[in-house]
Amino acid sequence: MNDLLDPLLLARWQFGLTTVYHFLFVPITIGLATSTAVFQTAWYRTGKAEYLRITRFFGNIFLINFAMGVVTGIVQEFQFGMNWSEYSRFVGDVFGAPLAMEGLLAFFFEATMIGLWIFGWDKLPRGIHLATIWATAIGTILSAYFILAANAFMQNPVGFELNAESGRAELVDIGALLTNRVALAAFPHTIAASFMVAAGLIISAAAWHLARNQHIDTMRPALKYGLWLMIGSGILTTLFGDQLSLAMVATQPMKMAAAEATFDTVCGADASFSIFTLGTPDGSSELFSIRIPYLLSFLSTHTFDGCVEGINDLQAQYTQQFGPGDYTPILWVTYWAFRWMIGLGLLHVVIAVVGLWVTRKGRMPKQAWVWKVAIWSFPLSLLAMSVGWVFTEMGRQPWIVFSLMKTESGVSPYVTGLEVLISLVAFTLIYGILAVVEVRLIIQAIRKGPPEVGEPDPETGKIEPATTVY
């Protein structure tokens, strides 16, 4: 019973639940903001009604998702003080700087531009109104960068000094913090992956209507856009992920070793990529695996004769450097999260390529299963990014700030397990209700389809904002 009421265990479960839940809204917001701006630009340049209807349709879904993301994001800040006060005390001076920038420079700017975009359809000149949605898209991306810069400090702490008297990390170089090697590598990878999630949503929504022969004039171009976006962002995600893996090997070699279940240091052909591995119950050696020779060496060092440090060697090194303890992440979580992330990502690119082929030259597949596969693009793309985030955070364990503070040291010392359990149950119930509301609102918005718009101007053929219906 005492283990079930362990404050550390419950605090980790609560933070994991609320973080993963909030993270579901982040890539959709980032990807849909930019996609909505692209659709509105197409309408601005051509004046075609179908582009305006697409803009309104996906813009509405974007707003629903943005509102839910704001609500769930607020909870994150409270948890630092509630359950992780020691962590907040230790890194507050460093961690607070990028979070303040995110709130003051990015989020407020983003929220202001969203307000202008929502209420400015028939009040602002078309060009200025278009600029507001592009500014919103830029704001979402800026927010992501500052959040990733804060998270990168947890992965690779830089730009700080330890105050021996207070026992706190103090910020001394904001430039180093914002140009952290991990942040610079994680940012483009995360943004590209967010576009993959948005592409999955666009493909799913368009496929749902096309399978029923509804709104063909708007959903066909939306589907094409989603398929091309999935391919393009998938390629970029892979390329940027390669750079992130190099940063990971340089800063957190144990995470890469755990991702590959590499127990002993290997080089060259022995540094192979594991497709499937079975290990011993104690997680110290391998029993069986299916591997691709040289691939791990190339991914980790960009050479075919490079070496990758193993779990056992790193464990011995960290024990000598940091003292006794287990410095290995939960292997089955990191190993399989890494493969689900890669596998689902590649699957989506393949589906998009096939989708372009079967819909070429205006063709509409008659087989129901084709559309069902397309509709599943969204939930599976969201799952791929979520397990990628799980890998990033779980692979850092047992550290909450790598090499500086263990997770067990960051939990609030005077919060009881029962108190954390009560808040965990409360958050779970509230988030469950919010999930039902979010899913129903988005499904209703998708099923409702693109809205009707006003008649085109008889002289120019363009539809002016004053004649549209939101």
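In this predicted model, the lining of the second largest pocket draws at least two residues from each of several elements, among them helix H5 (126–155), helix H7 (181–210), helix H12 (331–358) and strand E4 (273–279). The space in the second largest pocket comes to about 1,100 Å³, and of the 48 residues that line it, His 189, Thr 237, Gly 241, Met 341 and Ile 342 lie nearest its centre. Sorted by class, the lining holds 29 nonpolar, 16 polar and 3 charged residues.

A hairpin is formed by strands E1 and E2, with 4 residues between them, and Gly 167 in its turn has a positive phi of about 70 degrees. The two strands, residues 160–163 and 168–171, pair in the antiparallel sense over 4 bridges, and Asn 163 has Arg 168 in E2 as its bridge partner.

Turning to the aromatic side chains, the count comes to 20 aromatic pairs. The pair of Phe 62 and Phe 66 is tilted, because the ring centres are 6.1 Å apart and the planes stand at 40 degrees. Both of these residues are buried. For Tyr 145 and Phe 146, the centres are 6.3 Å apart and the planes lie at 70 degrees, so this pair is edge-to-face, and both Tyr 145 and Phe 146 are likewise buried. Elsewhere, ring pairs link Tyr 318, Phe 322, Tyr 327, Trp 399 and Phe 402 into a cluster.

Charged groups also sit over rings: the charged end of Arg 126 is placed over Trp 43, 4.6 Å from the ring centre, while Arg 212 lies over the face of Trp 208 at 3.9 Å from the ring centre.

Note on methods:
Residues are numbered from 1 along each chain as its sequence is written. This is a predicted model: local features need pLDDT of at least 70, side-chain atom pairs count only at pLDDT 80 or more; totals for chains, interfaces and linings use all residues. Side-chain values use heavy atoms; hydrogens and water are left out. On a 1 Å grid over the protein atoms alone, a cavity is a set of points where a 1.4 Å probe fits but cannot get out, and a pocket is an open set with protein on both sides within 12 Å along at least five of seven lines; lining residues have an atom within 4 Å of a point. Grid points are joined across faces, edges and corners, and a volume is the space filled by probe spheres set on the points. Ala, Val, Leu, Ile, Met, Phe, Trp, Tyr, Cys and Pro count as nonpolar, Asp, Glu, Lys and Arg as charged, and the others, Gly among them, as polar. Two strands pair if DSSP finds at least two bridges between them. Rings of Phe, Tyr and Trp (its six-membered ring) pair if their centres lie within 6.5 Å; planes under 30 degrees apart count as stacked, over 60 as edge-to-face and the rest as tilted. Buried means under 20% relative accessible area, exposed over 50%, partly exposed in between (1.4 Å probe, protein chains only). A charge sits over a ring if NZ of Lys or CZ of Arg is within 6 Å of the ring centre and within 35 degrees of the ring normal.
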